[in-house]
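Reader: Hi! Could you walk me through this one? I'm new to reading structures.
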Amino acid sequence: MSTLKPISAAVQRAVAEMRSELCARSGCENFGLTSESFAAILGEVAAKYLPSETDQAEAHAFLLTLRVEELALARACAAGVDAAWDVFLVRYREKLYHSALRIARDDAAARELADGLYAELYGVNTREGERVSKLASFTGRGSLEGWLRTVLAQEFVNRYRRAKRLVSLEEEIEDGAQFAAPEPERSTAVDPRLESCTDAALAALSSEDRFVLAAYYLDGRPLAEVGRMLGVHESTISRKLDKLAKTLRKNILAGLARLGVGRREAEQALEVDVRDLHVNMRRTLAQESLGRTFSKVGDFGKDQSS
Amino acid sequence: MRDVPKFVLKRLEESAGGEAHPDADLLTGFVEKSLLESERKQVMEHLARCSACREAVALTLPAFEDVASEDVAPIPSVRPTRNRWFSWAAVGWAAATVAIVAITFVGIREYRLRTNDTSSQVLMSKNETAPPPNLAAPPPKALSDSDSLKSAPQEKNGEGANSPRLTQPNRQEHFSIAPLNRLSNQPPSPHAGQVHGAAGRAVSVASGAAGARSAAAPEPSQSSGQGSDRGSKAGKETAVPPASETVEVEVETEDAVVPASPSDQKAASKKEAVDEQSTKNFADGAAPPQWSISSEGALQHSLDAGQTWVNVNPEQEVQQSTATASTEIARALKKSAQKKSDARSNPVFRAVAAFGNEVWAGGSAAALYHSGDSGVHWARIVPFASGVTLSGDISSINFSDPQNGRLTTSTGEVWITADGGRTWRR
């Protein structure tokens, strides 16, 4: 992994201060990494995530949160150290396949997914003549096992999106899809006041609230799953959703009232069927529900700053 | 759960941005809650807009994650985080909720134990040796088999097994409680149940004491003797309402009724029969038993078209059956029954209804009894619904057919069954 961000002096001091402790904890030398090289890795990671104005104490606290042992293992694998790869395969080979199976829910697809990731981890790809391993991007912010699951999940999502784009014409005909001319957009225009009040009400929500709304209503995820994503019980999500629905409705109606819209008219406006709206088709295609389509703004990994 | 207006969801959907996706490390840190608070907010903001990343996060979740980890603080940042405060509050709320649930559960359980039922029906084990009701007075002599009647009432806990007290020699005189299958093995009485309106009693009571009411306009007639014990309240017999009607009787005494004197028995013999419309004879066409409530609130029935009346105390049979039954259920019921108050051991009946062989009798302290064989066997019924049991005195019972019935209590409760008393609703 390479980063263009310079390492601040505070971060350098924190790394220097904790170098021996962190190297001992990581066992980096067992994996073929020197103390100096591992310290450089730590500085790189800290510089990537910490703002430039971070002081030494914050950097110190940040470094303590890193999974240094797994970081050393991953970076040693990326560097091609056979001893590290032996350890990696023993620890994570089966877990990788199990995670792929959980994600893909199909043995063949899981094997293909896992094998593809293994190749990337090993460094099949080269850059400027040098082998590039995906493990070089691991920063130790989370567990290596969790990171592998995340990479698998991102790859799975990307593959599914690409597969959906490339659905054959014959398959669509078999599925009964029609290729008639698109229906003309209906003429019901959206009240701009409703749009502005709705946008304002949504903007007033916290990101977590909007996440819960999107995960539940747009993605169609069950309460338990949304709760797991946030680390709370499903009953908490249920109460939150109920509260959010009330709050949104109340705020939108209040906003419309301030704009001179009558109560009855405002309530009718809120209940308008979305299908009757004049829809921006391009913006609609940008986001689809239930994991069927994904953002068109590049695949995972291509827009990362690293 | 309240729904969010569709238009709002549409705007939420359209608010997806085109910003860069967080890398795998950040998403992993988000799932494992190892991010700084500022990082977590940024990732959350992106996740609120990006379904692809939400999908990835969902797929990244481990198989068995401990979700009760709200108190897992993010990376110790220089600024105190909202999570710590929020986590303590959540723990406090969770503890309070658990305490409330535990107290509620214990309270409900204790209440149920006191009411001796966890369902809408309590069935006792059968007791074949139940003596007749507690009849302290000399037995009536007007019956053709009065000799047996003389002895039977004095046996409070005796074994008067088959001493026929009634004109129907093939019937067991004692009333025992049906086993768990309340449709007992005993053959149904050849006589369909028949309600004898207690109007006559009420009127007779009214003549001696105020306060009695009747659902039907009675005709003065000779009183039924058994209910009006000691002859002091011998009143007039009156016409009785149809069997399916509920008769409301208010009585002023809670004492068990003793058998009437021979003169009263003769008076009872002249009681008018129940309206034919009310009788349902499901057997061989013989005269159905008649049911009534005395002025003292005793349940009575007659098998000879009202010529003689015999007190029935289903509750006493219940207690006796629990005293002798050997099943664990009976032991538990016995233990519960021993805790009952005197009022319950000698309930004052206020309403009786019969439809064919099905007889329902209700009275003070939510006493409700059912017999599916015209009074041969009885079961104590405790209507229960939504965590609430019937309370108060049962003031009226109305069954339009064996399945559909309605109870009314002195506290204004109305309980309805549509399956013959197996389940109830308020």
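Predicted model: local features only at pLDDT ≥ 70, side-chain atom pairs only at ≥ 80, totals over all residues.
Reader: Good to know. How many helices and strands does chain A have?
Author: Chain A contains 14 helices and 2 strands.
Reader: And what share of chain A counts as buried?
Author: The chain has 306 residues, and 43% of them count as buried. As for its surface, chain A exposes about 16100 Å², with carbon and sulfur atoms supplying 51% of that area.
Reader: Okay, new topic. How many residues are in contact between chain A and chain B?
Author: On the chain A side there are 78 residues, and they are in contact with 62 residues of chain B. Between them the two chains bury about 6400 Å², and 61% of that is on carbon and sulfur atoms.
Reader: How many salt bridges are there across that interface?
Author: The rule finds 9 salt bridges between chain A and chain B. One of them pairs the side chains of A:Glu208 and B:Arg40, at 3.5 Å from N to O.
Reader: Which helix of chain A gives the largest share of the side that touches chain B?
Author: That would be helix α10 of chain A, residues 207–218, which contributes 10 residues.
Reader: What kinds of residues make up that side of chain A?
Author: They divide into 35 nonpolar, 22 polar and 21 charged residues. Polar contacts have their own count: 15 residue pairs between chain A and chain B, both at pLDDT 80 or more.
Reader: Is A:Arg105 buried or exposed?
Author: A:Arg105 counts as exposed, because its relative accessibility is 74% and the cut-off for exposed is over 50%.
Reader: What about B:Ala365, where does that one lie?
Author: B:Ala365 is in the loop between β7 (358–363) and β8 (368–371) of chain B. Its phi is near 55 degrees, again a positive value in a residue other than glycine. With a relative accessible area of 30%, B:Ala365 is partly exposed.
Reader: Thanks, that helps a lot!

Technical notes:
Residues numbered from 1 in each chain as written. Chains lettered and ligands numbered in written order. Heavy atoms only, no water. Contact = heavy atoms within 4.5 Å. Buried area = accessible area lost by both parts, 1.4 Å probe. Salt bridge = Lys/Arg side-chain N within 4 Å of Asp/Glu carboxyl O. Polar contact = N/O pair within 3.5 Å; in protein donor to acceptor, adjacent residues only side chain to side chain. Helix = DSSP H or I, 4+ residues; strand = E, 2+ residues; numbered from the N terminus. Nonpolar A, V, L, I, M, F, W, Y, C, P; charged D, E, K, R; others polar. Buried < 20%, exposed > 50% of the residue type's maximum accessible area, 1.4 Å probe, protein only. Areas by Shrake-Rupley, 256 points an atom, 1.4 Å probe, with all protein chains shown as cover.
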